[in-house]
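Try each one yourself before reading the solution.

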Amino acid sequence: MSVLSQIILLGIFPALMAFAASSDLVSMTISNRLCLMLVVSFGACAAVIGLPASDIAWHLAAGMLVLVVTFGFFAMGWIGGGDAKLAAATALWFGFDQLSAYLMISGALGGVLTLVLLRMRDYPLPKVASGWPWAQRLHAATTGVPYGIALAAGALLVLPETSIWRAAIGI
């Protein structure tokens, strides 16, 4: 694999995760296009590194399982739809090998994020941020938690442990 393809391959997923986190922070949304880009880029990545069809099938199964479970959570009002789609698209990249690590780390980070955000809402919004619509929305007690931040951070922490990452860097 060429150095250029490694850079592209190893840059796509982190860039999409960073965009998901920042988008959720400022708009409380994670776009369908972003999730679709994660799915398509997984396919391209799998093809470039020569991931066997059986491994691809297991990655697809992991993504579908997470999609079913998280949409159940969405239907119950526990999480947002964008979070459900992001978790499933990310699970596609990790497969079952790193799925539990991803879910546990993201869950722990999400818990910390929630507690910090709820605590910050007990205090007035700083004047410097009072003119920022996204900060006002984030600070409002009726607004949810931008859980995409935790999902993206968890994904970036787990990524170096994945078979895709190891294949892309040649180990």
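**Exercise 1.** How are H5 and H7 oriented to each other?

*Solution.* Keep in mind that you're looking at a predicted model. Two packed helices are described by the angle between their axes and the distance between the axes. Start with the angle: H5 (residues 99-120) and H7 (residues 148-158) pack at about 140°, and their axes are 8 Å apart. Roughly antiparallel would need an angle over 145 degrees. H5 and H7 are therefore oblique to each other. Next, the handedness: the crossing of H5 and H7 is right-handed. Finally, look at who touches whom: the H5 side includes Ala101, Tyr102 and Leu113, and the H7 side includes Ile149, Gly154 and Val158. Sort the residues of this H5–H7 contact and you get 12 nonpolar, 3 polar and no charged.

**Exercise 2.** Now find out how H2 and H4 are oriented to each other.

*Solution.* H2 (residues 32-49) and H4 (residues 81-94) pack at an angle of about 5°, with 9 Å between their axes. Angles under 35 degrees count as roughly parallel, so H2 and H4 are roughly parallel to each other. Among the residues that meet are Leu38 and Phe42 in H2, and Leu86 and Trp93 in H4. The H2–H4 contact divides into 10 nonpolar, 3 polar and 1 charged.

**Exercise 3.** Which residues in H3 are buried, and what covers them?

*Solution.* First get your bearings: H3 (residues 53-75) has 23 residues and reaches 32 Å from its first C-alpha to its last, close to the 33 Å expected. In H3, the buried ones are His59, Ala62, Gly63, Val66 and Thr70. Their cover includes H2, H4, H5 and H8 (163-169).

Key. Residues numbered from 1 in each chain as written. Predicted model: local features only at pLDDT ≥ 70, side-chain atom pairs only at ≥ 80, totals over all residues. Heavy atoms only, no water. Axes fitted to C-alpha atoms, helices over the stretch in contact; angles between N-to-C directions. Helix = DSSP H or I, 4+ residues; strand = E, 2+ residues; numbered from the N terminus. Parallel < 35°, antiparallel > 145°, perpendicular 65-115°, else oblique. Left-handed = near helix turned anticlockwise from the far one by under 90°. Contact = heavy atoms within 4.5 Å. Nonpolar A, V, L, I, M, F, W, Y, C, P; charged D, E, K, R; others polar. Expected span 1.5 Å × (residues − 1). Buried < 20%, exposed > 50% of the residue type's maximum accessible area, 1.4 Å probe, protein only.
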